Amino acid sequence: MKENKRSLGRRLIENDGVQTLLASLLCVLGGLLIGFIVLLVIEPSAAWGSITAVVKNFFRYPASLRGKYLGQTIVRTVPLLMCALSVLFAYKVGMFNIGAAGQYVIGACATLYCAIALKLPWIVCLLAGAAAGALLGAVSGVLKTLCNVNVVISGIMLNWISLYFTNNLLSRGGIKRPTGPETIQLINANPDALLPTLGLDKLFGEKSAGIAIPLALVIAVLVWVVLNKTKFGYELRATGNNPNAAKYAGMRENRNIILTMAIAGGLAGLGASLFFLTGLVDWETSISSVPDMGFNGIAVAFLGGLSPLGSILSAFFIQHITSGGGGVDLRFYSSQISSLISSLIIFLCAFVGFFKLAIQNRIRKGDEKRAADKPADTGKGGESQ
Amino acid sequence: MILLLQYTLIFASVLMLVALGGCFSEHSGVINIGLEGIMLIGALGGALAMKFIPTSVGAPVMILCVILAAALFGMLASLFLAVAAITFKADQTITGTAINMLAVAGATVAVKAMNTAASGGSDVSSEIAYTAAREFFTVRIGSFQFNWFMLVGLICLLVSYVCLYKTRFGLRLMACGEHPQAADSVGINVAKMRYAGVLISGLLGGLGGIVYITAGTNAWKFENGVAGFGFLALAVMIFGAWHPVKIALAALLFGFFRALGNVYTGIPFMAALKLNSTVYNMLPYIISLIVLAFTSKKSRAPKAEGIPYDKSQR
Amino acid sequence: MDNTPYAIEMLNITKRFPGIIANDNVTLRLRRGEIHALLGENGAGKSTLMSVLFGLYKPEEGVIKKDGKEVQIRDPNDANDLGIGMVHQHFKLVECFTVLDNIILGVEPTDKAGFIRKEEARKKVMELSERYGLKVDPDAVIEDISVGMQQRTEILKMLYRDNEILIFDEPTAVLTPQEIEELLKIMKNLAAEGKSILFISHKLNEIMSVADRCSILRKGKYIGTVDIAKTDKAELSRMMVGRDVEFVVHKEPAKPGDTVLEVSDMTVASKVHKNNAVKNVSFKVRSGEIVCIAGIDGNGQSELVYGISGLEPLVGGSLKLCGKDITRAPIRRRSTAGMSHIPEDRHKHGLVLDYTLEDNIVLQRYFEPEFTKMGFLRRKNIRAYAERLIGQYDVRSGQGPVTVARSMSGGNQQKAIIAREIDKDPRLLIAVQPTRGLDVGAIEYIHSQIVAQRDAGKAVLLVSLELDEVMNVSDRILVMYEGEIVGEFDPKKTTVEELGLYMAGARRMEVRG
């Protein structure tokens, strides 16, 4: 074999990270393109201006305001990233955590209840959100291991249950504003519950920027470390890839599944805490559908190539265009055009596996051919068809 | 009480139609998580027909057109799943989730653009009203409001049963969901059958969508989606063990719990409980989760569902 | 067109895969009304040749003729249209359908509206069933019936389609001896009724008893065709393996020591049917000996190993490893107590296919302090350990320790598993069909490793379906039949024929290990 003589191009294309990046870029471009076509169909004259507004997001503001809007985008990126981490963590262990949406909701519920009704300090609220999400995730895990209920189905049911439960709990007196559907602003209800800002608020010129941002980044790295560097991660990935082999090797499948779902739920719940404790937005108790955050997390996770570090980039990008959606020409379009683009991207992500697999198959076939060409390779060709 | 019966029947019709759709798709071997989105797009098709077809055409024509529009739109939505999952062998769960998101975003963008253009910018809502046309679908029998869609549901149930268990098509469809290699080896085109299964689920899902949005209101805000009914229908399908008749019974049960939320204020002892409406909203989901917890151990999904069929792996 | 005696002719077929010629200028001629055996070892190219005939592969060279006329077979439908039918090694039956539905699937008799005319179909099936002596219950569901009846359903599927050319791909591997006998009788019936039969097998006895002629393939090459009446088993086997004597494992006599594994009254439930798969089995394995469990596939051998290794819980009985009770011990504790297990299905249990070779090599030891410290994997040590094993056991792969297991060849995957399990330095080594699907070179290597383990004082429990392997490698043979141990033998004092009788359930003795 002449491993060392392979061209740079081939080594690049063989690199999984490069393949993922290429595929993800393709999805993004495809999503933007189709989004642009939709704009064109609705009203050709304003389409170009609007699609560029989506892509520019904060750049479309005057320089003095850019920091503020960049700050807001990043603050909103945090929960998205956390939901993506939740989805990808479960996915590595072979489960599709569509329940991240509900875990996020229940996390928000616990956080805001602790903050507004119980007037607890931020750190407790944060932990409460994570714990609530973890509990809900664990319910899915237990249902899966004990009752054989598909995680997707239980996740969906729990999403709705969480939504109605949260709306019910948070619309009680003393939590909901008397005048509107939102919960009382944290700054008025319990300023101690607001996350420390670490001076980041001054850096961006945006009040809500704070500890949540570095914390989310640290957690993303932590997730990567746990999955790839630890014994626990080794077991989890083995369980995800081949549960039978994991069992054969003495790993405890049921325990790992429940633990995984609890961790995934905790990540999503913590995401809600890190968002709502910034005081940027309040919970709206009148919403009648599960917030998109968890579902967008799926898009982010797949767009990021199911890597925690890739997800940091893809989460920022998705939030970037979502925030940018506000910049479309509202005389003709609605800001949901950016949800359309991000859902198109996740739809295209479903094809990514296909394209990546095609590339890998070609490479593998080449390898097999070379391996087979080696005369002394015992065992090759011994397999029955 | 009659109101409760009426709502139970209409919600059961919705759940049954959509669950039957899921049943066809899964029997062909494709998991359809996207039913929620398919319902919404079907509802959009039906709502558009009701808005734009003049009421002067009369009830039969209107009903027919609305049904056709909803079915067609539903099938178009399901085509997204079919192409991705069958032709490109994409992950069916991701694709389905994407379709749910696409449907809400797409319908919202479209309806808002339509309203904005029609009103010159004063109406930017995602709402379509169909008050007049909706009258055509109901017939009063005493205090019971009969809805033609109940009949449509019943017909679809009978046709589904016969189609699955008495015809060549049904036998072949189910073979593809159980053992596609076996089907392929006797000359059945697995991809074609799976396309058929998914498209039928689009048809039925789309119908379910229009029935749902016309069940209790005269207008629908499309950014709200269909409130998880597509997902409930999936639970109904699992609880109904992928069998049309059992699905119908399961749909009645779930429809009843859903109807409670609409009418509990009118039932003295329930109103006296003073429970928040969210409790009733939650009820169907809680019940379905409990039911699934007790029945899933034994439940038998089509064996090959969720697995893209790869001719080279035999 | 009837001036040729041949129903099917495959002339000078060559099929290449990247780096390997699966069929090299192979010619096969099937006469009308004959039973023609196709003989060859695993990997000799039998399956490829049949796939070509069935339209699954397109050959690079060669032509196929039906009744003397050249035909193009592009897919299985073309094959069907030409009257070619096949009973696959793994049945293609829909498990939740009835026998009747499975038979008519794809060629359902319907009225104009598309409704199936079941009664008409049932009548035809019952006629065929009587005419050829193929007893089936048309309304039974496939998952409830015996393997033998499932196979008869497959045969009826071909007959229902009026197929003239019937291919049987290793049909006896899954059958009990009685069922085999019945099948051979049915095949003779079919041939007598004018059907032409291709019988793929590597079992010489069956070929001798049923076939008219036999074509032999070896390593993709066509070796020849012989008349069964004018040949004997010795000649056939010589043509099949290309050398005179059966390959014999060289080993010293065993020197058994203390009991390592003690199985008492073990009972294990079956996942397939409602009865127990293993019934009250008791035996011992001592250090320094190779005990072999022989038997026909599906007589409880897999479940026996699942029970011992902990993959399935016991219904009754007890297990002792080196004197310590492990009846209820979790898998991990059994492994650390000195049990190694080379599993039957390397893809299902043995490997995490998407893991690298090095990660697979530490699959049973990753938690040991050498490889894990404070919860973190010690990558450097894992790499060093993997490299040592790769070198020592000659595991070949594209990129060494970082090769993804999925991309390795079957033989090297198996070597990696064997390296992993043997290097654990176990007290007891369980090896289940360790040479399945491998070529002669790999088999030789694996046998020598197993014997080396025995000589190092390990207890070895070998489960094998191949009688040659049973006779050559083992020091003691236990025969399993329908979940029970029905005989114990010394390989030096028994014959294949005697073992066969016990494996078939025709004889049994009282055995208490």
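Trainee: How do you know that chain A and chain B are in contact, and how many residues take part?
Mentor: Contact means heavy atoms within 4.5 Å. By that rule, 43 residues of chain A are in contact with 44 residues of chain B. This is a predicted model: local features need pLDDT of at least 70, side-chain atom pairs count only at pLDDT 80 or more, and totals for chains, interfaces and linings use all residues. Side-chain values use heavy atoms, without hydrogens and water.

Trainee: What area do chain A and chain B bury between them?
Mentor: Buried area is the accessible area (1.4 Å probe) that two parts lose on being put together, summed over both. Here that is about 3,800 Å², with 78% on carbon and sulfur atoms. In chain A, A:Met157, A:Tyr164 and A:Phe347 lose the most to chain B, together 17% of what that side buries.

Trainee: Why is the pair C:Glu108 and B:Arg172 called a salt bridge?
Mentor: The term needs a side-chain nitrogen of Lys or Arg within 4 Å of a carboxyl oxygen of Asp or Glu. The side chains of C:Glu108 and B:Arg172 meet at 2.7 Å, N to O, so the pair qualifies.

Trainee: How many salt bridges does the rule find across each interface?
Mentor: Two between chain B and chain C. Zero between chain A and chain B.

Trainee: What makes up the side of chain A that touches chain B, by class?
Mentor: Ala, Val, Leu, Ile, Met, Phe, Trp, Tyr, Cys and Pro count as nonpolar, Asp, Glu, Lys and Arg as charged, and the others, Gly among them, as polar. That side has 31 nonpolar, 11 polar and one charged residues.

How values were computed
Residues are numbered from 1 along each chain as its sequence is written. Chains are lettered from A and ligands numbered from 1 in the order in which they are written.
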